[in-house]
Amino acid sequence: MKILGIETSCDETGICIIETGENTDNPKIKILGNQLYSQIALHTQYGGVYPMMAKREHALNLTPQLEKCLEEAGMLKLKVESKKLKELEEKVREILAREPEMCGEVIKLTEKIERPDIDAIAVTNGPGLEPALWVGVTFAKAISEIWNIPLIPTNHMEGHIVVAPLVNEAEPKTYTLKPINYPAIALLISGGHTQLVLVNEENRKLKYEIVGNTKDDAIGEAFDKVARILGLPYPGGPQISKLAEKERQEFPDKKTSYPLPRPMIHSGDLNFSFSGIKTAVLYTVKEIPDLTDSVKQEIAREFEDAVVEVIVKKTEKSVEQFGAKTIIIGGGVSANKKIRTDFAKLAEKLGIDFMVPEFSASTDNAFMIALAGYINIMSGQKPEKDFKANGNLSL
Ligand code: KG4
Ligand code: ZN
């Protein structure tokens, strides 16, 4: 089965084509093409992502990314004779009414090339920035209509979970899925989410129950805001992480001069709060007359220590509460080195499995969407035509 994944929930325009093997119990999953256009350089200038700007960039980039991806997959075949898609054009114009420029590009490309041999299209329909999501959804609907390919709406957060059990095979760009010991606890940490999810499997269908959530900011948002306070560029997560690591290497045993709170660590429930710690950093910085690089480094380390301590503690608590046999971490913040190390240690201490996506699959990408689409098709999800983008879509 060949699946095309489309991701536009935030600031990455992703298109990916995967091919899965015949063995339905543990199929090989091969990436045939994987294109990711990052808008980070654009958003860095403004210190964050503006939804309407993200939307415009997705609209500009989706068609060329699709063409590149098909070419990479060896699936781009020019038509011998370019034929007008007269009968379809009206329908496509209707679907893409809100994206007139993209509409022209889509029609031009699909008139030029043969229908690719793709069995399904999986597209992120939420959660995320709604205007950005809509571009991906309408684009997917248009090419699904033109090429008559079934369409599977896909949850972005599920994508972040399903890439964690992937194991690299000897062949390049080829993976299998390591079986998960259920129940599992998935900690989803990204720019928009901080959730503890209880994951179970029933009749080959994955079941999710959100058992912990943030009451205010997401952890990635806190990384980004603290970075901004320290004068570091967007996205702040990797910047903070780099400074914190340097501080740990240079001063492994140093007691911090800028202690920060561990928000809600003893709250007794599985919820989180990250807006207070951002304010605490702001007040700390206001008191410092000279915010030198070495001070920034020390604050970055204390901030990272504080938030990681909280997520480790809450995850441990949830594992005990639900008798989990596996810890999964996913979402952009799971690219963080300290988080990966500390969670591996936690799982070892508890004697349970630990799964984390490889670095390149941690942050937003379309591979995870194609994979989630495949898993859901195999467990019986039916294609849909009339669905909406939903910025607040829940698991
Ligand atoms: O999942 P993702 O790519 O996009 C969303 O769905 O939000 O996550 C992006 C978030 C940003 O807040 C970014 O700063 C954070 O992930 N991030 C990191 C690291 N790499 C990315 N945070 C901490 N350490 C990192 N190494
Ligand atoms: Zn994400």
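Predicted model: local features only at pLDDT ≥ 70, side-chain atom pairs only at ≥ 80, totals over all residues.
Residues are numbered from 1 along each chain as its sequence is written, and chains are lettered from A and ligands numbered from 1 in the order in which they are written. Local features need pLDDT of at least 70, side-chain atom pairs count only at pLDDT 80 or more, totals for chains, interfaces and linings use all residues, and side-chain values use heavy atoms, with hydrogens and water left out.

The shell around ligand 1 has 19 residues, and the closest are His160, Gly191, Asp224, Gly332 and Asp364. A residue counts here if one of its heavy atoms lies within 4 Å of the ligand. Five of the shell residues are nonpolar, twelve polar and two charged, with Gly counted as polar. Helices (H or I, at least four residues) and strands (E, at least two) are DSSP runs, numbered from the N terminus.

| Residue and atom | Atom of ligand 1 | Distance |
|---|---|---|
| Gly220, polar backbone atom | oxygen | 3.2 Å |
| Gly237, backbone N or O atom | oxygen | 3.1 Å |
| Asn336, polar side-chain atom | nitrogen | 3.1 Å |

Taken alone, ligand 1 exposes 560 Å², and the protein buries 88% of that; the areas come from the Shrake-Rupley method with a 1.4 Å probe.

Ligand 2 is a zinc ion, and its protein donors are His156 (NE2), His160 (NE2) and Asp364 (OD), lying 2.1 Å from it. Donors are N, O and S atoms within 2.8 Å of the metal (3.2 Å for Na, K and Ca); water is not among the atoms, so sites may look incomplete. The donor residues are spaced H-x3-H-x203-D in sequence. Both histidines, His156 and His160, lie in helix 6, four residues apart, about one turn of the helix.

Some loops hold backbone features. Tyr182 and Pro183 are joined by a cis peptide bond, with omega about -5°; Pro183 is in the loop between strand 7 (174–177) and strand 8 (184–189). The bond from Tyr234 to Pro235 is also cis, with omega near -10°, and Pro235 is in the loop between helix 7 and helix 8.

Methods: Polar contact = N/O pair within 3.5 Å; in protein donor to acceptor, adjacent residues only side chain to side chain.
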